[in-house]
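The structure comes first, and the description follows.

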Amino acid sequence: MAARSVKQPVYLPQEKPPKRHHAGRVILIIVLVIVALVGAFGYALYHSAKIVANDASTIQSTTSSLVSSLESGDTSTLKSSTDTIVTAAEEMHAETSNNLWAIASHLPYVGQDVSNVIELSDISYDLCNNALRPLSSSLSGFSLNSLISDGHIDVESLQSLADAISEVAPEIDDATTRADALQDGNIEQVNEVISKVKTQLDSVNGGVQGLAEVAPSIPALFGANGETRTYLLVAQNNSELRAAGGLPGSRMTLSVTDGHLELGESVSLSTGSTVDLALQDDETEMLGTAGGVSAAWSTYTPNFERAGELVAQGWEQAGYEAVDGVIAVDPVFLQRLLALTGGITTSDGTTVDGTNAAEVLMSDIYWEYGSSGDLQDEVFAEVAGLAFDKLMSSLGEVDIQDLLDVITTSAGDYRLQVWMADDQEEEVMRKLGLSGSISDDSSQPVLGIYLNDNTIAKIDWYLQVSSTIDGVVTNEDGTKTYTVTTSFTNTLTEEEAASAPQYVSGYSTEKNDTGDMILIPTIMAPAGGSISGLENGAKVGTLYGLDTRNFIIHLEPQQTVSYTYEVTCAAGAADLQVRMTPLAQESLMSSW
């Protein structure tokens, strides 16, 4: 029997069952990866932001000390402070320039805030490299306190300062424009920083642009490049008031070449007193003709831009050389300067210093020397010479900020005023607040209370003037009407009047008696405004385009005369301010 063949089984590879995909696990893995990436991104960004915040804090603290040192005139720490700020700004700029910040700037909610930080970083970087570094280099070794020494003004340093300011001004203006363009984000802390930066930059830029407009002209005013400038220095005596300050009793030239100053001989008002000056129609209509025929009345107008011009013309008519400008000062300004430098002692033993210069020069001298004008002129000339020498030898040791404060204060209350013959230089005086011009800005209303004395005396040492606002009403058209009361008081006593030299009590034939004080107030409305309530007995008209009242007051010893009137200002204007002719005694003048 044949053997049966056995069929060998064929083993086929068994197929694996299909693997089931768990979608939830895949999503979880992806989410975990994203979370890890976001976490790493977030951590990296957080770490970078801390670096940026620390750098910003360094810049802010160092900038504050830098500004303080510049304001005080101490530039010794300028380079080290600059290096610190630049290093921090460069690190901050490098951090915010990487991809982390670029990506974050496109994120929802925080994107605008991140973009703002990047832009602020760029602004800081550009300011450092385009403004701070050049400024630091230009001012290396420079000190404001070294500008004046041994009677000499360092014109070269002034020129360097002017050049440096002109160089950095456009960069600071550009940075300010960029910062102002930033829009608020959603993070309040970042918005607060941006707001603070905008405010600081706006403030700095305003000051720098203002300096850039005037700085290039300053060196020439002090005789740069060997050019001699000659100014007429006028001492105004507030004991005999003129609207622009006081009687221009003593005049002398002040010449300056390459910063070297030289004072000429004092010329009393008795020399060249008669003049023939062309006045404007509104001046003669409201103030009379005295300012055109007498040098003693050259400052009768409250607008020093006109007064300076008239004084200069009168000086030339007296036979003297033409001047480049007129500088008017009064004894209160001198007293402020002597308070910084220390006083002087005259040949008769009189001490004139920062506590008594005004009283000595506007009161004591007239009581001591009676009606002897020659003796008074000799004392004035001696005081002027000694004071000039003292100031020139000592101002270099004075803190520059203290000196600037005195100049700013004295320009602000019109005890220091400057007129320049050159129109462009006169514009510089306006921008510096030294021109004594009448404001034509209706948005910043100024009520003018100006005084001319007609007692022909030095009795105004005893004059007191105060003004108060008793109420304000907003009208339907948006204008505001203020109720103002201005009071004039003669503080001279009957006993003082009885014993006073006639030089003090006065020579006017219109006086009622010895103690009578005769004033001619001129009240001028603000630009775009008007005055009402001063029509009775007053001359009504316009002066320099402003509504004006002009009248005469007689004041007996210890008598007060008050006037209440309304002043209306233009719609949308700021609060009403007052400008008053500066009195001999600061303590006797006030306004609300």
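The model is predicted.

## Helix packing

Two packed helices are described by the angle between their axes and the distance between the axes. Helix H4, residues 111–138, takes part in two of the pairs described here, one with H6 and one with H2. The axes of H4 and helix H6 (residues 188–214) cross at roughly 30° and come within 10 Å. Angles under 35 degrees count as roughly parallel, so H4 is roughly parallel to H6. The crossing of H4 and H6 is left-handed.

With helix H2 (residues 78–96), the axis of H4 makes an angle of roughly 150°, and the two axes come within 9 Å. An angle over 145 degrees counts as roughly antiparallel, and H2 is therefore roughly antiparallel to H4. The crossing of H2 and H4 is left-handed.

A further pair is made by helix H11 (residues 331–341) and helix H13 (residues 373–394), whose axes lie 10 Å apart at an angle of about 45°. That angle makes H11 oblique to H13. Their crossing is left-handed.

## Strand pairing

Strands of a sheet pair through backbone hydrogen bonds, either parallel or antiparallel.

Ser467 has Ser591 of S21 as its bridge partner.

Strand S16 (residues 539–543) and strand S17 (residues 546–550) pair in the antiparallel sense, over five bridges. Lys539 is bridged to Asn550 in S17. S16 and S17 form a hairpin, with two residues between the strands. Tyr544, in the turn, has a positive phi of about 55°.

Rolling a probe the size of a water molecule over the atoms shows where empty space is left. The model has three cavities of 30 Å³ or more. The largest cavity holds about 50 Å³ of space.

Which residues line the largest cavity? They are Pro248, Arg251, Leu269, Ala295, Ser298, Val311, Gly314 and Trp315. Strand S4 (245–257) and helix H10 (304–317) each supply at least two residues of this lining. H10 gives the largest share, three residues. By class, the lining of the largest cavity divides into five nonpolar residues, two polar and one charged.

## The second largest pocket

The second largest pocket has a volume of about 230 Å³. Its lining is made up of 20 residues. Those that lie nearest the centre of the pocket are Tyr414, Ser437, Ile438, Ser439 and Arg579.

Helix H14 (400–412) and strand S11 (446–453) are the elements that give two or more residues to the lining of this pocket. Which element gives the most to the lining of the second largest pocket? S11 does, with three residues. Sorted by class, the lining of the second largest pocket contains 11 nonpolar, seven polar and two charged residues.

Conventions:
Residues numbered from 1 in each chain as written. Predicted model: local features only at pLDDT ≥ 70, side-chain atom pairs only at ≥ 80, totals over all residues. Heavy atoms only, no water. 1 Å grid on protein atoms, 1.4 Å probe; cavity = no way out; pocket = protein on both sides within 12 Å on 5 of 7 lines; lining within 4 Å. Points joined across faces, edges and corners; volume = space filled by probe spheres on them. Helix = DSSP H or I, 4+ residues; strand = E, 2+ residues; numbered from the N terminus. Nonpolar A, V, L, I, M, F, W, Y, C, P; charged D, E, K, R; others polar. Pairing = 2+ DSSP bridges. Axes fitted to C-alpha atoms, helices over the stretch in contact; angles between N-to-C directions. Parallel < 35°, antiparallel > 145°, perpendicular 65-115°, else oblique. Left-handed = near helix turned anticlockwise from the far one by under 90°.
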